[in-house]
Structures are given as structure tokens and as C-alpha cells.
Amino acid sequence: MRLLLVEDEENLAHALKDVLTAAGHVIDVVYRGDDGWDLAQTVAYDLLILDWMLPGLSGIELCRKLRHAGKNTPVLMLTAKDLSLNKVQGLDAGADDYMIKPFDTAELLARVRALLRRPTSFQDQVVEASGVRLDLQTMTAYREGKTVALNRKEFQLLEYFLTHPGQVLTRDQIIERLWEIGEEPESNVVAAQVRLLRQKIDQGFSKALIHTVYGIGYRYGALGEP
Ligand code: CA
């Protein structure tokens, strides 16, 4: 999943980025509310984590602006402030959840998982399509009884495929999903990443699931499936 963290305490921002990256997510970090606003308008994030007190634009103002602009991306608000009043303000502004600093990173990951949960396709943190199961906690895939260990990029790519079965995903979409702002990859790196994933998911099986759509991108699923 692709996340945006807007947090002006740089040490905390870096620590959170490490934790969320280790959990398999792709994280962009900015330190100002107005920078967060710019990014949230141009990148398709799955979740926004916003600190309350920020230079440029506060987390609460940013959240309110996004909701007014029709964006319904889940928002987790972080605050060092006292509890009760802020909870009401945060939820009024359109935040989905909030955490009081200092907080435990395990708790943060649990909240993030809850906010990212897609009721139709995510059950017990497993996503499945065309006979491949992916455990989101362990980053392990299973196909026909075979266990497939994945590295972080392979996991992110497979998760993207499994949650968009049958759809053609363009190279640009894959890049936006898997690479952070500022680490834009070389032109052939998507093809290389797909090749690595294919070796793990398709090699040795009779049916290929990861298909190249020439000149456009890639499509996941058994041919003939809707
Ligand atoms: Ca702050």
C-alpha cells in the first residue's frame, strides 16, 4: 500500500517511515502541511497519516481541505494534544482515526491495518486471486501448496496484482504504487521486477498468471477469467 506521512518532527517521521516500510508499505514523507496537500492531490494514496500541528497548513486544515475536495482517502491523525476536544475536532474534520503521542509502533501498525482493510477482499490479512494467496503479515505467498517467500518489492507488486485481478496495470501505475517520490526508477526496472516475481509465482506451474500487455503494462489472472 502507498502511504503519505506528514510529520514535522523529523526523528519521529524517519522512525515511522522505517516501521511502515518494514511492514511492506511504500511511504512518502513530507514535513509541511502545504507540501502534504500538494502530494495528496497528485498521488493516489491508500492512507494519509497527518500530524496535527504542522507548518504551512495544520493536519486538521489539510484533512478538511481534502474532504471538501471530495477525497475520501482514509486519514489517521497524530496529535500530542490532550484527548477529548481533539478527538471531536479531528473527526469533525473528516479524520477516520487518531493517535495520541507518544504511541507504540505496534499500535500504529494495527491502526494502519484496520484503516487499510478492504472488507470485500481482505479477510484475516490474506488476499487471494486466481489460486494465489498472499499473507500480508508475513509477506509470504502460497500457490498450489507451494510456499513462496517474497522480498519487499515482490510483495508490493504481487499485492497490487492480487487486489486488481484482470485489470491492465500500466508501468506508470506500478511505478506510482511501488516507488516513493524521489526514487523514480530507471525505465526497465518495472520489467525487471515483474520478471523476478514471475520466476517465483509462475515458474514451474502450468498456467501463467502474470501477463504482459505489450506496449501498455501487465495483467494478473488466468486467461479466460473475467
Ligand atoms: Ca508537529
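Me: When is a helix crossing right-handed or left-handed?
Reply: A crossing is right-handed if the near helix is turned clockwise from the far one by less than a right angle, and left-handed if anticlockwise. In this predicted model, the crossing of α2 and α3 is right-handed.

Me: Why are α2 and α3 called roughly parallel?
Reply: Helix α2 (residues 33–42) and helix α3 (residues 59–68) pack at an angle of about 25 degrees. Angles under 35 degrees count as roughly parallel. The pair is therefore roughly parallel. Their axes lie 9 Å apart.

Me: Which residues of α2 and α3 meet?
Reply: From α2 come Gly33, Gly36, Trp37 and Ala40. From α3 come Leu62, Lys65 and Leu66. Contact means heavy atoms within 4.5 Å.

Me: Why does threonine 21 count as buried?
Reply: Its relative accessibility is 15%. Buried means under 20%, so threonine 21 counts as buried. Threonine 21 lies in helix α1 (residues 10–22). Not counting residues up to four places away in sequence, threonine 21 touches Ile27 and Arg152.

Me: Why is α6 said to be largely enclosed by the rest of the structure?
Reply: Ten of its eleven residues are buried, so α6 is largely enclosed. Among the buried residues are Phe155, Leu158, Tyr160 and Phe161. Lys153, Glu154 and Glu159 are buried too.

Me: What caps the N-terminal end of α6?
Reply: Asparagine 151 does. One of its side-chain oxygens lies 3.2 Å from the backbone nitrogen of lysine 153.

Me: Which residues touch the most other members of the largest nonpolar core?
Reply: They are Leu134, Leu158, Ile174 and Tyr220, out of 29 residues. The elements that give two or more residues to this core are β6 (126–129), β7 (132–135), α6 (152–162), α7 (171–178), α8 (189–201) and β12 (217–220). Helix α6 gives the most, with six residues. Another core, of 22 residues, lies apart from it; Trp37, Leu39, Tyr45 and Leu48 are among its members.

Me: What is leucine 158 in contact with?
Reply: Leaving aside neighbours within four places in sequence, leucine 158 is in contact with Val132, Leu134, Ala141, Leu150, Leu197, Ile201 and Tyr220.

Methods
Residues are numbered from 1 along each chain as its sequence is written. This is a predicted model: local features need pLDDT of at least 70, side-chain atom pairs count only at pLDDT 80 or more; totals for chains, interfaces and linings use all residues. Side-chain values use heavy atoms; hydrogens and water are left out. Helices (H or I, at least four residues) and strands (E, at least two) are DSSP runs, numbered from the N terminus. Buried means under 20% relative accessible area, exposed over 50%, partly exposed in between (1.4 Å probe, protein chains only). A nonpolar core is a set of buried Ala, Val, Leu, Ile, Met, Phe, Trp, Tyr and Cys residues joined through side-chain atoms within 4.5 Å. Axes are lines fitted to C-alpha atoms, for helices over the stretch in contact, and angles run from 0 to 180 degrees between N-to-C directions. Angles under 35 degrees count as roughly parallel, over 145 as roughly antiparallel, 65 to 115 as roughly perpendicular and the rest as oblique. A polar contact is a pair of N or O atoms within 3.5 Å; within protein, one must be able to donate a hydrogen and the other to accept it, and residues adjacent in sequence count only if both atoms are side-chain atoms.
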